[in-house]
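Here is a short tour to read alongside your structure viewer. Take a look at the fold, and then let's walk through it together.

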Amino acid sequence: MFLVFPDSAAIAAHLSTRLQDIIRQDPQATLGLATGGTMEPIYARFVQDVRTNGLDVSGISSFNLDEYVGLSATHEQSYAYYMRQHLFDQLPFDATRLHLPNGLATEQEQHCQQYSAAIAASGGVALQLLGVGTNGHIGFNEPGTPFDSHTHVVALSERTRIDNSRFFDSMDEVPASAITMGIADILSAREIALVVTGEHKARTMLNYQQGGITPELPFTALKQHANTHILLDEAAASLL
Ligand code: GLP
């Protein structure tokens, strides 16, 4: 289902309300979290609203979608750093309940298996926040990733490395690989909110609307999920 909003601030207000409703209903809920520029206004609004409303977030668990391989949690471009900066350090969460893949794991395969198992053992994700890459990737599930995939190590596509290079000093510094939740892990969430903003994603959305369900556009897997909401700003919806 497409929901079109005037701008990213309106999407952030909508999702902040939805997140707070979930937490009020179940103060121990598990959330699936995402990074990227798209998520920044959402976390900012949520932090502001939780403070205003005095909501208790200390029982919340979370699993992030992905992390770069080779970056420590203190590296400024790691997703662990991003999450602390935009959300985890802003509210009184219980840090032991907040999970990201470990980009420095030495036993990567074992780490990936444990990550997917921990998501399942948490009782399942109540709401998964998702962004999308211009090539249709979700998390770091690049084109061609099987829909039955669980957490795995992935080589990043050239397109994704170029898109993400704006956060690094040079292209050479952009990691070549990442650990990502698989598409099956993402689809196991009870509710999914895909957020797409900006004119540069308009064609990506047109491809979604016109295409079928294909691993070549990983986010078309969401068409198989009955409780997915696609929240767009007017720029991202401009070709629909
Ligand atoms: C990265 C992340 C994705 C994210 C995408 C889009 O590749 N791994 O999870 O959805 O970027 O990011 P942005 O929101 O900055 O466009």
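## The main sheet

In what order do the seven strands of the open sheet lie? This is a predicted model, and in it the order is 1-10-9-6-2-3-5, with parallel pairing. Strand 1 (2-5) and strand 5 (98-99) are the edge strands; each has a single partner strand, so one side of each has no neighbour in the sheet.

Ser62 has Leu98 of strand 5 as its bridge partner.

## A separate strand pair

Strand 7 (residues 152-155) and strand 8 (residues 177-180) run antiparallel and are joined by four bridges.

Which face of strand 7 is covered, and which is uncovered? His152 and Val154 make up the covered face, while Val153 and Ala155 are on the uncovered one. In a regular strand, side chains alternate between the two faces of the sheet.

## The annotated domain

The UniProt record, an unreviewed entry, places the feature "domain: Glucosamine/galactosamine-6-phosphate isomerase" at residues 9-227. Over residues 9-227, the chain is 35% helix and 14% strand.

## The nonpolar core

In soluble globular proteins, nonpolar side chains tend to be buried together. Here the largest nonpolar core has 60 residues, and those touching the most other members are Leu127, Leu129, Leu130, Ala193, Leu194, Val195 and Val196. Leaving aside residues up to four places away in sequence, Leu127 touches Arg18, Leu19, Ile22, Leu31, Gly32, Ala189, Glu191 and Ala193.

Is Ile11 buried or exposed? Ile11, which sits in helix 1 (residues 8-25), has 25 other C-beta atoms within 10 Å; a residue counts as buried at 20 or more, so Ile11 is buried. Again leaving out residues up to four places away in sequence, Ile11 touches Phe5, Val195, Thr197, Leu231 and Asp233. Ile11 and Val196 are 185 residues apart in sequence, yet their C-alpha atoms are 9.6 Å apart in space.

## Around the ligand

How many residues surround the ligand? There are 14, and the closest are Gly36, Gly37, Thr38, Gly131 and Gly133. Sorted by class, the shell holds nine polar, four nonpolar and one charged residues.

Definitions and conventions:
Residues are numbered from 1 along each chain as its sequence is written. This is a predicted model: local features need pLDDT of at least 70, side-chain atom pairs count only at pLDDT 80 or more; totals for chains, interfaces and linings use all residues. Two strands pair if DSSP finds at least two bridges between them. Helices (H or I, at least four residues) and strands (E, at least two) are DSSP runs, numbered from the N terminus. UniProt positions are given in the numbering used here, feature names are shortened, and annotations may be inferred rather than shown by experiment. A nonpolar core is a set of buried Ala, Val, Leu, Ile, Met, Phe, Trp, Tyr and Cys residues joined through C-beta atoms within 7 Å. A residue is buried if 20 or more other C-beta atoms lie within 10 Å of its own, exposed if 12 or fewer, and partly exposed in between; C-beta atoms are placed from the backbone. Two residues are in contact if their C-beta atoms, placed from the backbone, lie within 7 Å. A residue is near a molecule or strand if its C-beta atom, placed from the backbone, lies within 6 Å of it. Ala, Val, Leu, Ile, Met, Phe, Trp, Tyr, Cys and Pro count as nonpolar, Asp, Glu, Lys and Arg as charged, and the others, Gly among them, as polar.
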